[in-house]
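Morning, everyone. Let me put the model up on the screen, and then I'll walk you through a few parts of it.

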Amino acid sequence: MSTPARLQYLRIKAEHPDEILLFRMGDFYETFDDDAEVVARDLEIALTSREFGKGERVPLAGIPYHALEGYLGRLIRAGHRVALCEQTSDPATSRGLVDREVVRIVTPGTVVEESILDPAANSYLAAVCPADGQVGLAYADITTGEFVTGQVPAGDLADELARLSPAEVLVPEGAGIDAAGRPLVELAPAAFAPEAAADRLRRHFSVLTLEAFGCEGMELATGSAGAIVHYLDRSHRDGLARLGGLSTRSAGSRMLLDDRTVRNLELFEGGRSARADASLAWVLDDTRTAMGARLLRRWIGAPLLDLGELGTRQDVVEWFHSSALRRLRAAELLSGVSDIERLIVRVRGGSASPRDLLALADSLRAGPQVRELLRSGDDAGPAAALGSGVGAHEEVIGLIGAAVADDPSASVGDGRVIRRGYSAELDAIRDGARGARDYIAGLEASERDRTGIRSLKVGYNRVFGYYIEVSKANADRVPAEYVRRQTLVNAERYVTPEMKEYESRVLEAQDRIAEVEAALFAGVCAEVARSADAVLATGRALARIDALRSLGEVAAARAYVRPEVDGGTGLEIEAGRHPVVERMLPAGQFVPNDATLSAEQEQLVVLTGPNMAGKSTFIRQVALIVLMAQIGSFVPARSARVGLVDRIFTRVGLQDDLTVGQSTFMVEMVETAAILNHAGPRSLIVLDEIGRGTSTYDGLAIARATAEYIHNHPDLGCRTLFATHYHELTRLAEQLPRVRNYNVSVAEDRGEVVFLRRIVPGGADRSYGVHVARLAGLPAGVIARAWDVLSELEGAESPNGPPGRAESPHRQLSLLAPTPRVVEELAALDPSSMTPLEAIAKLYELRDRARERP
Ligand code: ADP
Ligand code: MG
């Protein structure tokens, strides 16, 4: 026979087959059956069992309720979803079985527990609603209240997801969406249906039309936003209440960066260089608030395309850049600002603690000073405009100051949260209780005096409250009104009627205090919540100020300059540096280099040079300078002029050492194909040793064909940097008018190669491989033999290119002078109508045919 509790458990569990059900029983969250086994394993806690009725024993693993947060974090990180089932009727008053209900489903995208969240990153719940060619993409961060939707071309979805890096993605069942390893939740397609979704949004925001949100009539955008509301309504009502408004992002207002590019340029994570954290975000982040840090990261992931907006950011950065005093003062003020976004959202959601309110008031107090600061100076225009977004919030500050005590206890209810003087009622209860409390506090001394028993003690336990303890030896001396309650080995415990009277007064007062204080605190929160939107706006303005101050600070500390950004298609960098590599080297060691590109003239730069010369660093540095310019940052250069770039593409050839086979090579080619299909005239393409993952001839063929395509295709013609160790590619400049050769100069000093790190016009003409091998520490014997082999090869054909190859006509045979039939076939090809697979198959075929020739 199962007990009622067991039946209740089974009923609720049946509704949550996909979640781990944490079933509240008294002071524990219990898990049973399979859940218990999973939980015991993943949390490394004891697996026991529990008997329900006669003979039914089931596995059990329990978590103490007060330790929930830590365990929850571990369960979520281990990839589980968790249903929290609470007791919803009071066990003390309910007869029989306590009511229980799932109050929240905790998933990666709906976590609000601070200890589980990363303060410097947003935690997005995203929803994707696909149709042909387009997708709706909505995302929400319930910890900050941000809720955004939009529509993007289906081909951009992967990049958008890479940029957002959502903690969880909602998709229609069976839509076959690839979220690149992010946790996916399939919902019934009805959750995305535009009509119902629009209805749900209108009801949630209590509006008649979605016009104000900018997504009226955008079915996919509406559908995906509606799915988020639907999901939160089921899993996290409080979280849903935190979403204050919806904004629609117009396509084309931000530069698109694909997943690979974000990684190749090391925008958020290092990897190529020594330090794992050495990224662009690391260099640019001198923010003082978590809000500012999150915003700066968002900016880095989504550079601007709007010159006006960009100019405004630059003006404020310049305002900070021009005065160390301003930066210092702003840093001081911002250091006192907490995470207003997350605080106010907790206030609105009803989960704020007393200390949260104090932190909020303290943060808001800095506001007027920040605003004042941003008004200073003759050049204050743009800064002052930004500062005016910071509200004064005197009422909120005043209310919190009047209501909350200076050093409140962590949770509400013990009477130490609400400030004396705020509520006459509460003060009266507290005063009333004080007499009784004082009586009990003084009881031990007064009873010792009265009875003359020196060892008399007053104690407290949960079973019978306050008691007076007297040792057995003195038991005959106790007064008549003492009532014995308990006999211990050496002592007797008594109570007196008077003492019980005072005790019940204390207890009653405590209950009243808890009740009244909780009501007062909730009232204060509700009052503050009425200003939530305004407070949120202030938080966002402070975040902008913080991020722009950070950019100004870094610009001053690292000698960056304000770039000129215009609508042209040029790019001129004078004495540019790589922001991250520069930071990793001792000051003054980084060698600056110029770069010039333009769609009209120097469209495609082929950069050659030996290994370790600095090719990869240079081409990334150009891309990073463009990106920095378009987030409003100053750039590491003597001067820079940047024609707006709408997309940056980077591809890095696979290292030819490890696991390179046809399939990885295939990946590289598919990626290259994607660039050629997505790039437009305003794109910037950065190719680092592509074609490397295969034999020399294949690689060279592909590298060359790619370069020609970019140069010649009428829809492309975009600025391109191509680093390669295929010296043969330098010949392209002879045939294509907008190709330029550069190389990273090296010098020889008594047989040693010296890296000069300077980019100079012209192609590299020697291979320094053996020199580099020597630098790398290969044994002298190997080096000597290599020189021998090299000179033997000098005259012979070798695909790997010994010095002096340019004079060897033989070597260029297969590609640079292809046989006429193959050429004809090549000329007849229409690559834009081929799939990457067909293209690669054709390429192999042509290669094989070319090789058949003597
Ligand atoms: P390549 O791609 O030509 O093999 P990298 O760009 O990877 O060379 O550069 C190799 C190393 O040289 C880098 O890790 C960096 O430390 C150093 N380096 C590159 N460019 C510069 C420069 N301009 N000034 C100083 N050091 C540089
Ligand atoms: Mg390289």
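Let's begin with helix H5 (residues 194–205) and helix H6 (residues 219–235): their axes come within 8 Å and cross at roughly 60°. By axes I mean lines fitted to C-alpha atoms, for helices over the stretch in contact, with angles running from 0 to 180 degrees between N-to-C directions. The helix and strand labels are DSSP runs, numbered from the N terminus: helices are H or I with at least four residues, strands are E with at least two.

Before I go on, this is a predicted model: local features need pLDDT of at least 70, side-chain atom pairs count only at pLDDT 80 or more, and totals for chains, interfaces and linings use all residues. Residues are numbered from 1 along each chain as its sequence is written, chains are lettered from A and ligands numbered from 1 in the order in which they are written, and side-chain values use heavy atoms, with hydrogens and water left out.

Back to our pair. H5 and H6 are therefore oblique to each other; under 35 degrees counts as roughly parallel, over 145 as roughly antiparallel, 65 to 115 as roughly perpendicular, and the rest as oblique. Their crossing is left-handed, so the near helix is turned anticlockwise from the far one by less than a right angle (clockwise would be right-handed). Among the residues that meet here are Ala-197 and Leu-201 in H5 and Gly-223 and Val-229 in H6. Contact, by the way, means heavy atoms within 4.5 Å. The residues of this contact split into seven nonpolar, five polar and two charged. Nonpolar covers Ala, Val, Leu, Ile, Met, Phe, Trp, Tyr, Cys and Pro, charged covers Asp, Glu, Lys and Arg, and the others, Gly among them, are polar.

Next, an open sheet of six strands, in the order S11-S10-S7-S8-S9-S12, with mixed pairing. Strands S11 (184–187) and S12 (247–248) are the edges, pairing on one side only. Two strands pair if DSSP finds at least two bridges between them. Inside the sheet, S7 (residues 125–130) and S8 (residues 134–141) run antiparallel, joined by six bridges, and Pro-130 stands opposite Val-135 in S8.

So what covers the buried residues of helix H4? The cover includes S7 and S8 from this sheet, plus S9, S13, H8 and S23.

S15 (residues 465–471) and S17 (residues 491–495) pair over four bridges, with Val-470 opposite Glu-492 in S17.
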